Number of protein chains: 2
Amino acid sequence: MTGAVLERKSGVALWRQIADLIRSDIATGVAGQDGRLPPEMELAKRYSVNRHTVRSAIAALEQEGVLRSEQGRGTFVRRRKRLSYPIAKRTRFSAGLGNQAGSTLTRLLESMEESASQTVADNLGVPAGDPVIRLDTVSEADGLPVSRATSWFDASRFAGIDEAFGEHASITKALSACGVTDYVRKSTTIEARHASADDIRLLRLSAGAIVLVTRAVNTDSDGNPIQYAESRFAADRVELKIESD
Amino acid sequence: MTGAVLERKSGVALWRQIADLIRSDIATGVAGQDGRLPPEMELAKRYSVNRHTVRSAIAALEQEGVLRSEQGRGTFVRRRKRLSYPIAKRTRFSAGLGNQAGSTLTRLLESMEESASQTVADNLGVPAGDPVIRLDTVSEADGLPVSRATSWFDASRFAGIDEAFGEHASITKALSACGVTDYVRKSTTIEARHASADDIRLLRLSAGAIVLVTRAVNTDSDGNPIQYAESRFAADRVELKIESD
DNA sequence: TTCGATTTGTACGTATGTATA
DNA sequence: ATATACATACGTACAAATCGA
């Protein structure tokens, strides 16, 4: 909001830093509350840069679908607030976002059987190298990608879960079809990093964007691990909310 | 690890993107397991860039204290794994990191009485504009800054908590001095964004770095809010871990 | 010890991107 | 749109340090 000092010679172009600031301010409600951005000249003065530099930032955000400029009228905000994704014992994607978005959808990108890496094996409680089924999915809310996830299941217990997912387009329902009527989240770790090329493509982000990475283990009602998942959330579109029971 | 495609003309310099990749790979243990980085020529081939571009990335990470290059020998890793910061009902900084770091320390940057903003008021359950006490702190583990936090307390109930903190250098102990012997975390939201100029300075980060932002409310044993805190964690040095009870 | 292979350090030239005026 | 300055990226060449044969 107030004249933040931008970093020159940092490897990040000024227009990109300004674009990141504006995007973040819109997401947090600091800017664009009235649906419009201040005039370019005002922004240029605020950031102490040339008006053309502000224009580059705005052009990038137009490309991203965040802003819309109209000659002679001004620059307007297309989208506003972040979604709030709840993380609790009973975390399910569509149920958690249901009241915030009009429509939610989880799409299957790829499914395959592979042998468990050390990490996957540890989290699923099987020996490393055992066959596991991997599901790669992308979840959208109101047509905009929110997260992508890679899930692993013990192949011996969940044979056919890939087809079940293809049928129901829901992890919860696919597990149900495999005889798991209830499951709870045991633990979640959260880290943040820059989006990879895959993240940028699949979540429709721009370079330099940030993803929140969660790693979670779900267990059945007996406490046995049934799913290990690594998810990547578009940090500009979602926040994570942890509710203590 | 494998040849990720970097984004050109994205406003983020290639050397910066490569530096971010290498830093992240080191933090997750993908790279530098043996304490050394592959030769510059090999990295250049992997990322499909000129050797000089890799050298710029390495230079930035040397400046940050992540790497150390020696002529004729190679490039070596100074630090390795991320700290894991637990978030649970009873979250306390030093206790949570105690077993991972040799020493932990929380320093007071500033304390002052101010009138509550709408957000602070909502979270503390007081009317907006009421006097509140704000504490700005930085926490370090093994001499490296891990997080900075801004905490607000109801001034009418916690008068003198700033002096109490100055004496004990611990929020938990300062609360205890104010008669709160136990408290639990009610809720936490997590988001991620690029570090601000202040974050970069106080957490000793480099431009383009990422911070994990948490907003949390702590309540006393009767369920009354006693503290609202906004924390910023250096995403390269820490992950957040949520344990379900 | 000398030699060659490997690896990092330095220097020059050129083209393109970024930022200002 | 033009001009100017600096940052970024590539290509090439060679120097300096290390290591093992």
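Let's start where the two chains meet: 37 residues of chain B are in contact with 37 residues of chain A, contact meaning heavy atoms within 4.5 Å. Keep in mind that this is a predicted model, where local features need pLDDT of at least 70 and side-chain atom pairs count only at pLDDT 80 or more, while totals for chains, interfaces and linings use all residues. Residues are numbered from 1 along each chain as its sequence is written, chains are lettered from A in the order in which they are written, and side-chain values use heavy atoms, leaving out hydrogens and water.

How much area goes into hiding? Chain B and chain A bury about 3,300 Å² between them, with 57% of it on carbon and sulfur atoms; buried area is the accessible area (1.4 Å probe) that two parts lose on being put together, summed over both. On chain B's side, Ile190(B), His194(B) and Ile242(B) supply 16% of the area buried against chain A, more than any other three residues.

Now for the charges. The rule finds one salt bridge across this interface, that is, a side-chain nitrogen of Lys or Arg within 4 Å of a carboxyl oxygen of Asp or Glu. Glu191(A) pairs up with Arg82(B) in a salt bridge, their closest N and O atoms being 3.2 Å apart.

Strands join in too (a strand is a DSSP run of E, at least two residues, numbered from the N terminus). Strand E8 of chain A, residues 183-194, runs antiparallel to E11(B), and four bridges join them; two strands pair if DSSP finds at least two bridges between them. Look for Thr189(A), which stands opposite Lys241(B) in E11(B).
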